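Colleague: I am new to reading protein models. Could you walk me through one, feature by feature?

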Amino acid sequence: MPADAPALSGPFRYGDRVQLTGPKGRLNTITLVREGEFHSHRGVVRHESIVGLPDASVVENSSGEEYLVLRPLLSDFVMSMPRGAAIVYPKDAAQILSLADVFPGARVVEAGVGSGALSLHLLRAIGPEGELFSFERREEFAEIAKANAEAFAGGAPRNWTVSVGDLQEALPERCAEGSVDRVVLDMLAPWECVAPAADALKPGGVLICYVATVTQLSRTVEELRRSGRFTHPQSSETMVRGWHVEGLAVRPDHRMVAHTGFLVTARRLAPGTVLPDLKRRASKSDFDDADLASWTPDLVDGDGSIWTPDVVGERGKSDRVLRKKVREARRLAEQGRDGEPGAGAEAGPGADAGAGPAAAGE
């Protein structure tokens, strides 16, 4: 790892990313570089005045205003890094790590990569002894994810392999049958990958799928059941509501991070095992193939062509915007790796607003 790689603790040094919280509570994330300065209309903070200070210190700018300086948490970084695709929010990433029981040293398969937010959480969980195999259909997304990981770690993680292509074709080439501990699918049609995921997983291994809509949820669960290779799937969603606590004014926040996606979890059965049927009372909600055909037509008779990003409400980015995000992510990675002045990303709350000698800010 480079000498100027971001440190996880201890005194600040060049190459570290830090959060500056100004008098009005606005966050600005910068990368400490030699001869660098953080500029705002209220004054200047020299990077050299931060280097050597312990984490959670206070510095003054040239006009005497104070800034709280903190090393960003992983959740802070993923919420401010350049994005090609929508990220998996920290609340969902935490649930994925817990529900899938991702442990140090685990061999994990992930598809797709998106902007790398979930990849960073998985890499943190498996540790240096684990292995992460990520698959992404779009090369631009893979480039952004790799650059974001380099920016956070100060270099390319040695235990992370990113492959561009379809999981169904690439997974058997990367991972032998029964060699993977966990499979995480964050994609439009995870049911298409149930069979290759089952082949790669060890008996008892966990498959967890992240989907955005109830139609995708239903389609995924039914495919897991019909495969006969997994335990009964469990489904959930996670909502987080913050609270305003100030003196006697204690109330829920007016805004909250509510629905982002559903999680479907199931475990790989041993080869040849037949899962016992669940004992339950007869119900008016019992259904047959005709019911499934009316809800998810391709499940009974179809080729899956009805499932497109537009149909499930996914918002895509143009090729021009994606190229811009790739450039931003690469610049961010280069700044963290070299610890030298360079062109910063756009200023804004949580943005990399001070990576260069005269970056604009609050």
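Colleague: Let me start with one residue. In which loop does glutamate 35 lie?

Modeller: Glutamate 35 lies in the loop between S2 and S3. Before we go on, please keep in mind that this is a predicted model.

Colleague: What is the phi of glutamate 35?

Modeller: Here is the general idea. Most residues other than glycine have a negative phi, and most peptide bonds are trans. In this model, glutamate 35 has a positive phi of about 65 degrees, although it is not a glycine.

Colleague: And the peptide bonds? Which two residues are joined by a cis peptide bond?

Modeller: Alanine 111 and glycine 112 are, with an omega of about -15 degrees. You will find glycine 112 in the loop between S7 and H3.

Colleague: Now the sheets, please. What is the order of the strands in the open sheet of four?

Modeller: Strands of a sheet pair through backbone hydrogen bonds, either parallel or antiparallel. This open sheet of four strands has the order S2-S1-S6-S5, and its pairing is antiparallel. For a detail, follow strand S1 (residues 17-21) and strand S6 (residues 66-70), which run antiparallel and are joined by three bridges. Threonine 21 has leucine 68 in S6 as its bridge partner.

Colleague: Why is one side of S2 and of S5 left without a neighbour in the sheet?

Modeller: Strand S2 (27-31) and strand S5 (57-60) stand at the edges and each has a single partner strand, so one side of each has no neighbour in the sheet.

Colleague: What is the order in the open sheet of seven strands?

Modeller: There you read S9-S8-S7-S10-S11-S15-S12, with mixed pairing. The edge strands are S9 (160-164) and S12 (234-237), each pairing on one side only. From one strand to the next, the twist averages 15 degrees. Arginine 107 stands opposite glutamate 131 in S8.

Colleague: Which strands does helix H5 touch?

Modeller: Helix H5 (residues 167-174) packs on the sheet and touches S7, S8, S9 and strand S10 (180-186). The direction of H5 makes about 155 degrees with that of S8. Helix H7 (residues 214-227) lies across strand S11 (201-211), S12 and strand S15 (262-267), and runs at about 5 degrees to S15.

Colleague: How many residues are there between S3 and S4 in their hairpin?

Modeller: Two residues are between S3 and S4. Strand S3 (residues 37-40) and strand S4 (residues 43-46) pair in the antiparallel sense over four bridges, and glutamate 37 has arginine 46 in S4 as its bridge partner. Another hairpin is formed by S13 and S14, with two residues between them. Four bridges join strand S13 (residues 243-246) to strand S14 (residues 249-252), and these run antiparallel. Glycine 247 in the turn has a positive phi of about 60 degrees.

Colleague: Let us turn to helix packing. At what angle do the axes of H2 and H3 cross?

Modeller: The axes of helix H2 (residues 90-99) and helix H3 (residues 117-126) come within 10 Å and cross at roughly 40 degrees. H2 and H3 are therefore oblique to each other. The contact is made by Ala93, Ile96 and Leu97 of H2, together with Leu118, His121, Leu122 and Ala125 of H3. By class, this contact has six nonpolar residues, one polar and no charged ones.

Colleague: Last one: over which residues is the pLDDT below 50?

Modeller: Where pLDDT is low, the predicted coordinates should not be read in detail. Here the pLDDT is below 50 over residues 342-362. That stretch has 81 contacts in the model beyond near neighbours in sequence. The protein averages a pLDDT of 86, and 81% of the residues score at least 70.

Methods: Residues numbered from 1 in each chain as written. Predicted model: local features only at pLDDT ≥ 70, side-chain atom pairs only at ≥ 80, totals over all residues. Heavy atoms only, no water. Axes fitted to C-alpha atoms, helices over the stretch in contact; angles between N-to-C directions. Parallel < 35°, antiparallel > 145°, perpendicular 65-115°, else oblique. Contact = heavy atoms within 4.5 Å. Nonpolar A, V, L, I, M, F, W, Y, C, P; charged D, E, K, R; others polar. Pairing = 2+ DSSP bridges. pLDDT = per-residue confidence, 0-100.
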